[in-house]
Amino acid sequence: MAKYLLLKHYRGAPAPVNDVPMDQWTPEEVAAHVRYMADFAARLEGTGEFVDSQGIAPEGAFVRYDGEGRPPVVDGPFAETKDLIAGWMVIDVESRERAYELAAELSAAPGAGGRPIHEWLEVRPFLTLHSTMFD
């Protein structure tokens with residue numbers, strides 16, 4: 001089994017087919033999308049492939065160490081993840097192909113008008129000592 005991170009993007013990825021921003025969806029459309037995500041996660045819990053998932057609020061800031069008691073907080077002008085990452089899911093699957101299969105299914109979550117978003121999801125393997133990166 002290998003863990004993969006499935007990243008959902010606000011922007012920065014290729015545009016989805018149903019490219020209506022979520023803040024323009026009706027409450028019913030948002031509820032249908034959230035229900036799809038929950039049902040997807042529940043199904044993967046049943047197969048043992050689900051690890052965790054979270055939506056991420058758009059608020060946030062970059063912080064770094066800049067000496068004792070002085071952590072600078074920066075809010076742009078460069079691209080920050082709060083503008084890019086909408087949420088994530090961690091899965092634990094047998095193969096990269098299975099990770100791609102699940103990501104493709106997840107990209108069909110409904111959006112505006114109840115139509116599938118067909119959004120692009122970023123699929124990233126967790127780095128381990130046994131990762132294919134080192135083979």
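The protein has 3 helices and 6 strands, where helices (H or I, at least four residues) and strands (E, at least two) are DSSP runs, numbered from the N terminus. Read from the N terminus on, these elements follow the order β-α-β-β-β-α-β-α-β. This is a predicted model, in which local features need pLDDT of at least 70 and side-chain atom pairs count only at pLDDT 80 or more, while totals for chains, interfaces and linings use all residues. Residues are numbered from 1 along each chain as its sequence is written, and side-chain values use heavy atoms, with hydrogens and water left out.

**The protein as a whole**

- Of the 135 residues of the protein, 30% count as buried, a word that stands for under 20% relative accessible area, with exposed meaning over 50% and partly exposed in between (1.4 Å probe, protein chains only).
- Among the contacts between residues at least 6 apart in sequence, 74% join residues that are at least 24 apart, and contact here means heavy atoms within 4.5 Å.

**How H1 and H3 pack**

- Helix H1 (residues 27-47) packs against helix H3 (residues 96-106) at an angle of about 155°, and their axes are 11 Å apart; axes are lines fitted to C-alpha atoms, for helices over the stretch in contact, and angles run from 0 to 180 degrees between N-to-C directions.
- That angle makes H1 roughly antiparallel to H3, given that angles under 35 degrees count as roughly parallel, over 145 as roughly antiparallel, 65 to 115 as roughly perpendicular and the rest as oblique.
- From H1, the residues Tyr36, Met37, Phe40, Arg43 and Leu44 take part in the contact, and they meet Arg98, Leu102, Glu105 and Leu106 in H3.
- The residues of this contact of H1 with H3 divide into 6 nonpolar, no polar and 3 charged, where Ala, Val, Leu, Ile, Met, Phe, Trp, Tyr, Cys and Pro count as nonpolar, Asp, Glu, Lys and Arg as charged, and the others, Gly among them, as polar.

**The buried face of H3**

- The buried residues of H3 are Arg98, Ala99, Leu102, Ala103 and Leu106.
- Seen down the axis of H3, these buried residues fall within an arc of 135°, so they line one face of the helix; the arc is that of the directions from the helix axis to the C-beta atoms.
- An α-helix has 3.6 residues a turn, so residues three or four places apart point the same way.
- The cover over the buried residues of H3 includes strand S1 (2-9), H1, strand S5 (85-93) and S6.
- Arg98, which has its place in helix H3, counts as buried because its relative accessibility is 19%.
- Leaving out residues up to four places away in sequence, Arg98 touches Leu44, Glu49 and Val93.

- Glu119 lies in the loop between H3 and strand S6 (122-125), and with a relative accessibility of 11% it counts as buried.
- When residues up to four places away in sequence are not counted, Glu119 touches Lys8, His9, Pro16, Leu106 and Ser107.
- His118 also lies in the loop between H3 and S6, but at 41% relative accessibility His118 counts as partly exposed.
- Phi of His118 is near 55°, a positive value in a residue other than glycine.
- Most residues other than glycine have a negative phi.
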